[in-house]
Amino acid sequence: MRDTPLWKATLQFLLGVAVVAALGAVAWTLRPRKAVPPGWQVVRPPADVMALVLYDGAIWAGGRDGVVRVDPASGSVLESMEAEGRGFRYVTSLAVTGDGAVWVGHARGASRFDGASWSTLRVADGLPSDHVLALAEGRDGELWIGTERGLVCYEDGRTTTFTQQDGLASDTVSVLYQDSRGVLWAGNGSSTEGGLSAWDGVSWRTYGTADGLVHPMVNAILEEDDGTMWFGTGFAARGGASRLDGNGWSALVRADGLAGDKVRSLFQDADGALWFGSEYDGVARYNGERWVVLDVDDGLSGLEVKAILQTSDGSIWLGTESGLTRITAEALRGL
């Protein structure tokens, strides 16, 4: 009997893995689920949601399949957005800026919509990569753009790029957040090296597990109303939420109440409750007294909670790998 060539055996193995994964996905989709409870709503499309913002009276939901506008009152999809005659691909971030524009970070650059027309920044305009991963407006109106090859400060039509050579923990920046003190935080949750950096306007400071992070990969950043900083960390089934306040660093993991150890998103609602979205296990809400964990059996559209938003009527919107979930203010009071 002749031996099977290595390349052929490898191909057969990979095809087998792909078939098993596909069958698993189908089984997951077709599994029986409870009816959506009163006060909950699942919105599809979009199929996958990674970023949410409110702009011009509508919810903008960005993800793998582009950007759609959703009516916050009814949950109906208003339209799919296009720039320069074509839709977006792999939207990872959205940001509304003080000049009345909305920015979309996607696989072909950073696109700006001013309410009437679109423009796009790419490598030709000074970006180190067209693959934009994160967006944030700075205190002075500048736009910070995280890419897989560096962090860009865009101001008055000019770009300044920061990399590890300038003090960043990593060239890849996939999450950005400016706190109330004016410090810009840049995290890497896209490559295993991870890293967290803080820019005070003069120099960079980096943080890692030796400083207090539960895991080096940083997926989300949030400042509480009292100035406490939270960092959602993790990869696969490892990670947690790292907390930084006047007393130093502390951490929360699944055993403390989180839905899962990898924290994908962070949010503080109007009542002060904290939301911790997980990668595989739904979302946990902590109101200062008790934890509540929600998953698909409770009404979530999916288990990967990647983005969270609250509208003026008190409803919470959660973006997952399988659409949007809306929880009304009345339903929230029953949690």
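Which residues line the largest cavity? They are Ala83, Glu84, Arg86, Gly87, Phe88, His106, Arg108, Ser111, Thr120 and Arg122. Keep in mind that this is a predicted model, where local features need pLDDT of at least 70, side-chain atom pairs count only at pLDDT 80 or more, and totals for chains, interfaces and linings use all residues. Numbering runs from 1 along each chain as its sequence is written, and side-chain values use heavy atoms, with hydrogens and water left out.

**Cavity and pocket**

- Rolling a probe the size of a water molecule over the atoms shows where empty space is left.
- Here that is done on a 1 Å grid over the protein atoms alone: a cavity is a set of points where a 1.4 Å probe fits but cannot get out, a pocket is an open set with protein on both sides within 12 Å along at least five of seven lines, and lining residues have an atom within 4 Å of a point.
- Points are joined across faces, edges and corners, and a volume is the space filled by probe spheres set on them.
- The whole structure turns up 1 cavity of 30 Å³ or more, and the largest cavity holds about 60 Å³.
- Its lining splits into 2 nonpolar, 4 polar and 4 charged residues; Ala, Val, Leu, Ile, Met, Phe, Trp, Tyr, Cys and Pro count as nonpolar, Asp, Glu, Lys and Arg as charged, and the others, Gly among them, as polar.
- The largest pocket comes in at about 1300 Å³, and of its 38 lining residues, Met50, Ala51, Thr92, Val175 and Leu176 are the closest to the centre.
- By class, that pocket lining has 24 nonpolar, 9 polar and 5 charged residues.
- Strands (DSSP runs of E, at least two residues, numbered from the N terminus) that each supply at least two residues to the pocket lining include β2 (51–55), β8 (93–96), β16 (175–178) and β24 (263–268).

**Sheets and hairpin**

- Strands β13 (residues 143–147) and β14 (residues 150–155) share 5 bridges, and Gly146 sits opposite Leu151 in β14.
- β4 (residues 66–70) and β5 (residues 77–80) run antiparallel and are joined by 3 bridges, with Arg69 opposite Glu79 in β5.
- Those two strands form a hairpin with 6 residues between them, and Gly75 in the turn has a positive phi of about 85°.

**Core and a buried threonine**

- Thr233 lies in β21 (residues 229–235) and counts as buried because its relative accessibility is 0%; buried means under 20% relative accessible area, with a 1.4 Å probe and protein chains only.
- Thr233 and Arg264 are 31 residues apart in sequence, and 7.1 Å apart in space, C-alpha to C-alpha.

Note on methods:
Two strands pair if DSSP finds at least two bridges between them. Helices (H or I, at least four residues) and strands (E, at least two) are DSSP runs, numbered from the N terminus. Buried means under 20% relative accessible area, exposed over 50%, partly exposed in between (1.4 Å probe, protein chains only).
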